[in-house]
Amino acid sequence: MTLLTLIVLAPLIGALVAGLAVRTGPASARWAALAATGADLLLAFILMFFVRESPVATSMPWIPAIGAAFHLEADGLSAVLVLLTTMLGVVAVLISWNEITRKVHAYHVWLLLLQVGILLVFLARDIVLFYFGWELMLIPMFFLIGVWGHEDKLYSAIKFFLFTFTGSIFMLVALLYVYFQHARQYGMYSFEIANLLKTSLTETEQWWVFLGLFIGFAVKVPLFPLHTWLPDAHTQAPTAGSLILAGLLLKTGVYGLMRIAMPLAPAGATAFAPMVITLAVAGIFYGALVAFSQRDFKRLVAYSSISHLGFVVLGLFIGNAAGWQGATLQMVNHGLATGGLFLIAGILQQRAHTRNFDMYGGLWRHAPTMGAFLLFFAMASLGIPGTGNFIGELYVIGGAFQFKWWLGVITAFGILFAAAYSLRVFIATMHGPESPTIKHMNDTTWVENLAMGILVAGLIVVGFVPRVVTAPLFYPPDTMVPRDGREPATIAAIRPGQIVIPSLPLISAEPPPASFSTPEVRK
Amino acid sequence: MLQHGQPILWLIPALPAAGAALIFLFSKQMSGRAAGRIACVSVTLCFGWVLFCSSLLLTWPGGNMLFFHEKICQWLDAGPIQSDIGFYFDRIALVFSIIVSGVGLLIHIYSCEYMDGDEGMRRYFGYMNLFVASMLVLVMADNALFMFVGWEGVGACSFFLIGHWYQKSENCVAAQKAFLVTRLGDIFLLIGLLLCARLAGVSYLNMSGFAQIDDMKSVAEFGGIQGSTLITIAALLLLGGAVGKSAQLPLQTWLPDAMAGPTPVSALIHAATMVTAGVYLVARFHALFALSPAAMLTVAFIGAATALYAATCAIVQTDIKRILAYSTISQIGFMVLGLGVGAFSPGIFHFFTHAFYKALLFLAAGAVIHALHGEQNIFNMGGLKQPLKGIYLAFLAGAASLAGIPFITAGFWSKDAILWSALTTRYGNAGLYAAGLATALLTSIYSFRLVCIVFFGNPRKEHHIHPPGPLLSWPLYILAFFAIVAGFINIPAVFGAHPAWEHFFTPVFGEDQAESLVHSSGYEITATLGSGALAIIGALIAWRLYAPKREPIPAPASEIGSVLTETPSPYRSSLANDLFHGWRFDALYDALFVRTFRIAAAVLGWFDRTIVDGIFELAAAIVRGFNTLFLFFQNSRIPRYALVMLAGAVVITTIVIMSIPR
Amino acid sequence: MNNLLIFYPAAVVAVITTLMVILTRNPVYAVIYLILSLCGVALVFFSLGAPFLAALEVIVYAGAIIVLFLFVVMMLNIGRVMNEQDCLRPSRKQMILPGFLVIVLLVETLMCLFAAAPVNPAASSISTKALGQALYGKHYLGVLLSALVLLIGAIGGIHLGRASSCPDTKERSIHAPR
Amino acid sequence: MLPAEQALILAAILFVTGVIGVIVRRNLIFVLMSVEIMFNAAGLAFVAGSALHGQPDGQIFFIFILPVAAAEVAIGLALAVLVFQKYRTLDLWTIARSREE
């Protein structure tokens, strides 16, 4: 199937065109980028259509000497994330339309290359290719922050780069260990994830492998104590940079946990689960509280990301289908809603030249459309029903409740904290007496409205039809058998035979009540 | 418009939702008045459709149709969380949706004049329509999780509308407070729903799934807690949601501040409909509550305590809307008391009559405020009987109904039914009854205090009175009519009438409805006459204290009490002061929670910047130390490089010499 | 013996003049000392039986390359400026480490020299003809590469010279006209 | 001792002198001249080696050193001129300091 190759190539071609057109005006780069991302979005929709039946894959030899192959494959999870990526890609180009005036061509080249890297991460089924995509994301982001960022851009760019890069070294070591173990056991060198999954590792080995992978991915997520690069990077990045950073780059960390770390070392994941759950829950509250104390719009939203991602990681590690679905939903919703908040922050910064809440206030009068969008995104961020966030959080809380009731209760209060900072964003900006800084504020342009409209539409669709996200995770539905055959079936197989989400014994230790008749997994 | 003989139910919330969508999407192209017209039309259509559905349900051939049910599609599907998008129209939903759309329609019409010329008129009507749609989803959802959509939706609309005049910071803070406090309750509700799903399977969350209610009793244990205790816990968690939404103790503090919104908003959201969602919730989950006497007792106790509490606060307020706000809290307390003593249908009946007379009072108060150009302090009013004759009469009808003037008002019949139940059902006791009676007396006093001060005597301040137009007056007259006659559909049987309301709800509540244990008609008539007499005594006390000839209480002009700054109380006595500030709950919560939260946030913010970031900065500093070390070799001066090269050459040569075999 | 008569004085001259190159303050003097030093080395070549190289040394090295230095020094007219800035004697502390290292290096080099196995002196000196044959026969590739190096040097010199003669050129070449 | 061996000692002395020049002098022109001294010393070593072994290769390498030195001087001096135009000095310490600012 060449579809996947096309999906990866489309932004690359766009980058080439935008780069070669450097002698023409800036419009050429913008249109080239828009065409490339638009085409990519279209392809992603087609992909969504195909993966309903079966996974789509393409493979060709790449570096046979070490057993690396150019192997792309899309199952439900990948397809959903690819759709999110391409969607945010279009939004990123649109939102940069008026904002970026300096070195427009180079900017779009980096933006599109970034998309290539993200797509590779989401689609690669080969460790080398995955790692290539993983590192490819770093460089464009580094330049997007470092060149087009705001006042403290260099510091933030370097901090971002160092954190992620350090993490990825741990990840590489763990992956190479599995690679050589596999080679020793099977007598052939292969970087195929599917092959590596067959490697049998002892519990101790799994512990160490998971530790390495976890450090690499947790930095990217970012999990609570490793998060400090995030607020800086978000604050300094240009609008589209923040959007993609929040919407996609963080998701690659979660995706890595889902796709690589947990299946590769299930025993390790089980051993780490209590610690990770603790960190995730701590992150939910910590992020929310710290977000509330911020004065800087983008910093606030950045800390709220930590809180939201806490939900995602929690959903992953409670190890039941509800949590897993909730985590996936929450990834998509967070990308859309927090992305939307970053768009507004960027638009405001571009107009008012400040991100400080003290300088805002009473904006609604001048910018009712922006106000409406901000209101929607703030409401989505606090999880109002009707937006996808509510369902994502509900699933995670429900899953946590199913896992340990007190965990669900604690987590539920995270929503209250989310309400506190989300309302603060809205009220500090739009409400209150009119601030002199924004006396001549213009309302949003139609390009910006279009960009934000896409996000709003996505959130509402997910809010009322969450099955568009969760249904592709289950196919064929009857293959969802737990790896060890234990009851209840707390395991959602992403793809039969290849990747099985580890069943955490923590959960199955607790038998369901007698009258609990609902099937755990969808029939 | 019919599907398998049933009316299409989704049209009911869809019509106002479509109106809201229309207003928001084309708000730049339309005038405020056009938005008002669209909103009114959509709510009218909605009301018409509700009436049509209701008449179909009531006149169904055979007469035993209890509900319409319509499943639209599957919505949530994850383990224990199963939910559809679907609508369920039974008799509870019927009553609530008639009130929501009917009273909503009158208030929409009223708003067309009241809000005329307001800058945010389009926004206002958009949110009002959205509110009506959400509220209808709330009362018509076919399962509890879908109901939660409406539940949160009305909360959000309430937030938007309280903060309608957003340029005053205190309005925004009030809006935020309302949202956060109710959300605290919502979290309890959510946990309660999850627990219910866990206990009896997801089907329990379906409104039509009450047949399986007995499964609840068979639940063994969960998390180390016995089944019967679990049912109490689940019921109490749901009660938490109801308490938050309905402004009951201890989460009542948001409602008085919510009066910052426009008056029609207060009438619709904070009096007639949204705040009674808690009543709806308890009534809807009556089967669960009926399983746990402890939970019922808690409900009744909270209701009685809130009723009494709010009545004591209402009696000293100076702001006309705050009086009505406390009165609303108090009256909802009555409803909750009714539910708690197992009198579900009287509880809903009180909701029904209260919706009319409280909406009427708010709208009339709004008309007064409108006529006086925004004056809200009752001590700046007075003598308005003549210039605002129509409004006066309507207000008087509402106040009489609120006070429960016997026999002729709706409020009397509904309140009396609750009081009687509180005394005589198996859940009731004398304490609850006494609290109810005391509240009734206080209610009567503050109602007529309001009437006396506002409408009688001489004007205390010169006002240029702006006469109300027809759109402002006619909704008042219609509501006044219902505030008087709505009670006649449930006159108790001892008076020789036919209690149609009781019979209407008998199939819904069935065994859960606690019947009176006393079957003495003389006793019942005595009690009724007693409570009626109390209302009249209260009115007389008010007349004696606030009679028009007497000097008015010298009251400083005080703005509406806001959350930002504590309003200076007009009273000298500290007791009156404490009452004026709602028993100082605000100060307590502020010290306990708000300040703690802010301090925690600030401390953690500092912690993140200094400690967490500091650890990584330390690592960076170590690297920087190496940097300065290596800078000796790389200081961008050629001689230094040459020196280093020389040293390198020396080292290599030394190695070579050492390695020469000797 | 003849050779040694030439060798020793030439070596002494070369060492002394070389020292003067790095010790003198005036760049013009330094260049002239360098030329002298090169001439001394040329004589050493001669004494070692390489007359052709001795000629090359004088003609190409001293005559062409070093004279370039002279041109630049005169062109920039920096004699006075340099005298002030280029303080001849670094402080003694600064000299300790390089001095020590240099002495160590020298000693070690000499040790290497004496440690090597003695070589039988070659009988005949190499004729210019043999040199030419080896150069264009065995080492023709090196000749081509040298040509390339010279070409690159020339191009580089020209380019840098252009940039220096017109400071704006560089700016303009980046922002190419549209 | 053979003259060729003595010439090697001479080459070592000259080379070391050049090294000292590079390290000690702060002026770009002098540094370049010191580099030339080192080149020359290296060439001398080659020639001495050639004489020692009676092979032409050492001399040929001296011939190769010549164009390298020529190219080096051409570019080095051109750069020196540029540097002088930009900083109005050839003092390496001054230049380095002004670049750091």
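**A walk through the model**

Chain C has eight helices and zero strands, where helices (H or I, at least four residues) and strands (E, at least two) are DSSP runs numbered from the N terminus. This is a predicted model, in which local features need pLDDT of at least 70 and side-chain atom pairs count only at pLDDT 80 or more, while totals for chains, interfaces and linings use all residues. Residues are numbered from 1 along each chain as its sequence is written, and chains are lettered from A and ligands numbered from 1 in the order in which they are written.

Of the 178 residues in chain C, 28% are buried (20 or more other C-beta atoms within 10 Å of a residue's own, with C-beta atoms placed from the backbone).

Now look across to the neighbour: 68 residues of chain C are in contact with 65 residues of chain D, contact meaning that the C-beta atoms, placed from the backbone, lie within 7 Å. Helix α7(C) gives the largest share of chain C's side, 13 residues. That side has 52 nonpolar, 15 polar and one charged residues; Ala, Val, Leu, Ile, Met, Phe, Trp, Tyr, Cys and Pro count as nonpolar, Asp, Glu, Lys and Arg as charged, and the others, Gly among them, as polar.

Finally, turn to chain B. The axes of α17 (residues 430–455) and α20 (residues 521–545) of chain B come within 7 Å and cross at roughly 35°; axes are lines fitted to C-alpha atoms, for helices over the stretch in contact, and angles run from 0 to 180 degrees between N-to-C directions. Among the residues that meet here are B:Leu441 and B:Phe448 in α17(B), and B:Leu534 and B:Trp543 in α20(B).

How values were computed: Contact = placed C-beta atoms within 7 Å. Buried ≥ 20, exposed ≤ 12 C-beta atoms within 10 Å, placed from the backbone.
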